[in-house]
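Me: I have a structure open and would like to go through it with you. Could we start with the strands?

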Amino acid sequence: MADAPIPPPVQGAEAEALAVLWQLGEAPVRAVMDELNRAAPAPRAYTTYMTMLGRLHAKGLLAKRREENTDYYRPVYSRAEYADLRARAEVEAIVDAFGDVALGHFARQMAQLDPERRRELERLADEA
């Protein structure tokens with residue numbers, strides 16, 4: 001993961017579509033639409049989902065394959081990989097913007113953790 005490009009953040013409907021694909025693995029537009037429209041107060045059109053998945057593909061978050069006349073999408077990153085890459089990017093941005101002040105806040109947060117949780121986080125940091 002160290003050399004993986006940092007994926008862009010997603011919000012709103014794009015984040016919902018990505019979450020559905022993490023759940024389904026690989027799916028055509030219609031399956032994503034059906035899943036999201038099932039709980040939506042106002043269903044969205046097929047073309048809306050087609051555009052949304054196309055944008056996520058263009059952003060490098062989804063891989064696409066075509067079978068006959070149907071496009072199938074799957075996430076490029078697992079949910080955990082995406083969270084790790086986004087967290088890294090956000091922490092770097094905070095440290096770049098605020099320097100030692102931000103690091104001081106991180107250190108204070110670490111000091112307040114339960115010792116067992118702190119050791120687990122230090123172990124995770126050593127693995128990264």
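Me: Which residue stands opposite Tyr 73 in strand 3?

Reply: In this predicted model, the residue opposite Tyr 73 is Lys 64. Strand 2, residues 62-67, and strand 3 run antiparallel and are joined by 6 bridges.

Me: What else pairs with strand 3?

Reply: Strand 1, residues 27-28, pairs with strand 3 in the antiparallel sense, over 2 bridges. There, Pro 28 has Tyr 72 as its bridge partner.

Me: Which residues of strand 3 are on the covered face, and which on the uncovered one?

Reply: Asp 71, Tyr 73 and Pro 75 make up the covered face of strand 3. Its uncovered face consists of Thr 70, Tyr 72 and Arg 74.

Me: What lies over the face of Tyr 72?

Reply: That is Arg 65, at 4.5 Å from the ring centre of Tyr 72.

Me: And the loop between strand 2 and strand 3: what is the phi of Glu 68 there?

Reply: Glu 68 has a positive phi near 55 degrees, although this residue is not glycine. Most residues other than glycine have a negative phi. The hairpin formed by strand 2 and strand 3 has 2 residues between the strands.

Me: Is Glu 68 buried or exposed?

Reply: Glu 68 is exposed, because its relative accessible area of 74% is over the 50% cut-off.

Me: Changing topic, which residues touch the most other members of the largest nonpolar core?

Reply: They are Ala 17, Leu 21, Val 32, Tyr 49, Leu 53, Leu 56 and Leu 62, in a core of 20 residues. At least two residues of this core come from each of helix 1 (12-24), helix 2 (29-39), helix 3 (46-58) and helix 4 (79-111).

Me: What does Leu 56 touch, leaving out residues up to four places away in sequence?

Reply: Leu 56 touches Val 10, Glu 14, Ala 17, Leu 18, Leu 61 and Leu 62.

Me: How many aromatic pairs does a search of the whole structure find?

Reply: The search finds 1 aromatic pair. Its members are Trp 22 and Tyr 82, in a tilted arrangement with 5.7 Å centre to centre and 50 degrees between the planes. Trp 22 belongs to helix 1 and Tyr 82 to helix 4, so the pair ties together parts 60 residues apart in sequence.

Me: How accessible are Trp 22 and Tyr 82?

Reply: Trp 22 is partly exposed at 21% relative accessibility, whereas Tyr 82 is buried at 11%.

Me: Lastly, what is Asn 37 in contact with, beyond its neighbours within four places in sequence?

Reply: Asn 37, which is in helix 2, contacts Pro 43, Arg 44 and Tyr 49. Asn 37 counts as buried, at 15% relative accessibility.

Key:
Residues are numbered from 1 along each chain as its sequence is written. This is a predicted model: local features need pLDDT of at least 70, side-chain atom pairs count only at pLDDT 80 or more; totals for chains, interfaces and linings use all residues. Side-chain values use heavy atoms; hydrogens and water are left out. Buried means under 20% relative accessible area, exposed over 50%, partly exposed in between (1.4 Å probe, protein chains only). Helices (H or I, at least four residues) and strands (E, at least two) are DSSP runs, numbered from the N terminus. Two strands pair if DSSP finds at least two bridges between them. A nonpolar core is a set of buried Ala, Val, Leu, Ile, Met, Phe, Trp, Tyr and Cys residues joined through side-chain atoms within 4.5 Å. Contact means heavy atoms within 4.5 Å. Rings of Phe, Tyr and Trp (its six-membered ring) pair if their centres lie within 6.5 Å; planes under 30 degrees apart count as stacked, over 60 as edge-to-face and the rest as tilted. A charge sits over a ring if NZ of Lys or CZ of Arg is within 6 Å of the ring centre and within 35 degrees of the ring normal.
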